[in-house]
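I opened this notebook to record what I looked up in one structure.

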Amino acid sequence: MTTIKKLAAIGAALALAFSSSAQAEGKIRIAEQFGIVYLLLNVAQDQKLIEKHGKKQGVDIDVDWVKLSGGAVINDALLSGSIDIAGAGVGPLMTIWDRTKGRQNVRGVASLGSFPYYLVSTNLAVKSIADFGPKDRIALPAVTVSVQARILQMAAAKQWGVAQFKKLDPITQTVPHPDAAAALIAGKTELNGHFGGPPFQEQELAGNPNAHVVLDSYEVLGGPASSTVLYATEKYVKENPKTYRAFLDALVEAAQIVAANPESATDSYLRVNKGNTDRALLLKIIKDPKVQFRVAPQNTLGLAQFLHQVGAIRNKPASWKDYFFVHPAIASGS
């Protein structure tokens, strides 16, 4: 190849690379996990709200939906560049915010709502977390990292003192919510506890006569709290302003749809998840006054500061705004 042809080839390659980066707007890859806590995303997917609001911004948005399980897996996917928007608990958000501060600067995008998470046990001898013994096994979406794991640590600190916040970690196991629920309902495995979320906790309580609530996350956190959130890297937010705005606008509309027409939202959940979850049970959860589908985060700072207190994160947040991006849709957060 002549020098001129080589230069032409290099120039073409650079032009292609520039063109690809310049066309970054209009692409979003979203990772969610399992449960009704992801309903806003399900409604947005089913009714193509992101694409709708993208057109209002003058952008045709290509949306990829990914289903993963566990905050550690979600965080790895975000940092590897496999996804753009991560859906997980406040615990994983705090872990990755702390880890990337001053580098990728991962922060929260929005809340998916406030939901009570129940620690359910089928061991009738267990009335509170103080009754768990070494032979008990508690399923969590991600040991030590998931929001359920962090809330359990917070509860242990209240029960036995801050120095004992890891007291129950040895009896926890990483199990996806659907598998954990199936195990508790069947009652034929070593798992006899599950710190999950809706609708799995309700299925367990209805499906096994021995299943009962040992711990309510609202009691630990001091009231309704946004346990499940969405987050992204600073790079993605800055480089894709129109796509990012369309995504937030879609979430806001999804929340409005859930509030105005819970029946339609229930059907969206069933279509997207293609499961056989009882529709009446889902609708009951969505209409539960303790459940709030809202994009502004609520009551997240207490857990964040607890994680700093016990050394789980190095950076102490002074405000929820330290670990969330600024956007009008979440201005009323806490």
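The entries below begin with the basis of the model and then turn to helices and salt bridges.

I note that this is a predicted model, in which local features need pLDDT of at least 70 and side-chain atom pairs count only at pLDDT 80 or more, while totals for chains, interfaces and linings use all residues. Residues are numbered from 1 along each chain as its sequence is written, and side-chain values use heavy atoms, with hydrogens and water left out.

Entry on helix H5. I took helices (H or I, at least four residues) and strands (E, at least two) as DSSP runs, numbered from the N terminus. In H5, residues 90-100, nine of eleven residues are buried (under 20% relative accessible area; exposed is over 50%, partly exposed in between; 1.4 Å probe, protein chains only). Among the buried ones are Leu93, Met94, Ile96 and Trp97. I found that the buried residues pack against elements including helix H4 (71-79) and strand E3 (85-89). Gly102, with a positive phi near 90°, follows H5.

Entry on salt bridges. I searched for a side-chain nitrogen of Lys or Arg within 4 Å of a carboxyl oxygen of Asp or Glu; the whole structure holds 14 such salt bridges. Lys27 pairs with Asp62 at 3.0 Å between the closest N and O atoms. This pair joins strand E1 (residues 27-32) to strand E2 (residues 62-67), 35 residues apart. Lys27 also meets Asp64, at 2.8 Å from N to O. Lys27 is partly exposed, at 28% relative accessibility.

Methods: Contact = heavy atoms within 4.5 Å.
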